[in-house]
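Reader: Hello! I am new to this one. Could you show me how to read a few of its features?

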Amino acid sequence: MDYFRSKKQPEILDPTSPDFLKRKATPASQAPQQMPPQGDLAPSSIFDKVEQRKKPDRAKDARSQPPASSRDPAVLAAALDPDPAYRRRWQRRQIIRDVHNRGQLTKAQRIARTERESLCKSQFFKTSVKKLMPLARQIAGKPIEDAIIQMRFSKKRVAKDVKKHLEYARDEAVVKRGMGLGLIRSGAGAPKATGESGQPNEQSPGMVVEDKKGKRRYVTDTSSIYVDEAWVGRGTYGRDYDIRARGRANMLRPPETSITVRLKEEATRIRLMDEREQKRQRKKVWTALPDRPVTAQRQYCLW
């Protein structure tokens with residue numbers, strides 16, 4: 001016990017005291033460790049990388065990315081030309097067809113190059129074909145704006161969905177096909193030019209167009225959109241239950257139906273009207289046979 005009592009115990013100093021710092025002084029060969037400034041992290045801290053991830057250097061990332069021109073053409077060809085052999089065969093058939101036709105376009109090709117049309121199919125509505133067919137007949141042949149007004153004031157429940165589909169089809173035709181922009185292309189939105197008298201020049205008057213049903217309409221813009229055709233399509237049947245008495249239930253099959261509209265411009269209706277008029281003019285006038293006696297055959301049958 002005396003041994004342990006006689007042994008000198010080390011003094012415990014405060015780490016923040018100057019005496020403790022003097023005793024812990026490192027030799028000159030070893031550089032003192034630099035303490036990080038207040039509010040910052042040490043370079044060896046594990047949280048330093050987290051802070052870097054929170055604040056990425058976007059300019060450095062943009063410089064590190066390769067330019068767009070250095071993309072691999074083989075990878076792009078896999079998406080743009082997945083089957084080169086089929087593409088070459090298709091091009092060969094097209095060239096052979098053009099040689100046989102001597103470079104002349106068919107009537108359908110000429111119409112497709114000069115006229116615009118848009119086909120739009122709706123999603124399935126929770127209604128039947130019998131209830132949707134009258135609405136399809138009602139909007140067929142009408143201008144798109146008139147068809148939307150008809151569906152707006154219709155008492156049918158599904159007319160609200162048909163109205164939304166017509167608005168979507170109209171916007172899609174304008175954006176994707178460039179339909180209904182005749183007045184904008186011709187500069188109708190700009191101020192009218194004035195003549196020598198200083199009065200603004202009037203626009204060219206419209207024309208009366210007759211549809212295939214014989215109904216006439218007054219058209220001022222040949223690029224205005226109208227509903228050329230509208231038909232419905234039967235979809236799948238859902239499943240519902242009709243709860244009855246005594247713990248019984250009947251199985252219901254509610255139908256689903258879609259509607260498809262084909263939109264065209266009034267220029268197409270004008271062309272069809274001219275074709276019908278030309279066909280009517282080429283038709284020969286029917287004349288009755290002259291009254292003369294029959295001499296080349298017997299008057300009565302021989303049996």
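Reader: How does H8 pass H9, in a left-handed or a right-handed crossing?

Author: H8 passes H9 in a right-handed crossing. Bear in mind that this is a predicted model.

Reader: And how is a pair of packed helices described?

Author: Two packed helices are described by the angle between their axes and by the distance between those axes. Here, helix H8 (residues 129-139) packs with helix H9 (residues 144-152) at about 145°, and their axes are 9 Å apart. On the H8 side, the contact is made by Leu-135, Gln-138 and Ile-139, and on the H9 side by Ala-147, Gln-150 and Met-151.

Reader: Is Ile-148 buried or exposed?

Author: Buried means under 20% relative accessible area. Ile-148, which is found in helix H9, counts as buried because its relative accessibility is 9%. Leaving aside neighbours within four places in sequence, Ile-148 is in contact with Lys-163, Leu-166, Glu-167 and Arg-170. Take Lys-163: 15 residues along the chain separate it from Ile-148, yet their C-alpha atoms are 5.6 Å apart.

Reader: Which residues form a nonpolar patch on the surface?

Author: Look for Tyr-241, Ile-243 and Met-251, which together have about 370 Å² of accessible area. Tyr-241 is in strand E5 (residues 240-243).

Note on methods. Residues are numbered from 1 along each chain as its sequence is written. This is a predicted model: local features need pLDDT of at least 70, side-chain atom pairs count only at pLDDT 80 or more; totals for chains, interfaces and linings use all residues. Side-chain values use heavy atoms; hydrogens and water are left out. Patches are made of residues with over 30% relative accessible area and no salt bridge: like charges are joined within 9 Å, nonpolar side chains (Val, Leu, Ile, Met, Phe, Trp, Tyr) within 5 Å. Accessible areas come from the Shrake-Rupley method with a 1.4 Å probe; for residues, only the protein chains shown count as cover. A salt bridge is a side-chain nitrogen of Lys or Arg within 4 Å of a carboxyl oxygen of Asp or Glu. Helices (H or I, at least four residues) and strands (E, at least two) are DSSP runs, numbered from the N terminus. Axes are lines fitted to C-alpha atoms, for helices over the stretch in contact, and angles run from 0 to 180 degrees between N-to-C directions. A crossing is left-handed if the near helix is turned anticlockwise from the far one by less than a right angle, and right-handed if clockwise. Contact means heavy atoms within 4.5 Å. Buried means under 20% relative accessible area, exposed over 50%, partly exposed in between (1.4 Å probe, protein chains only).
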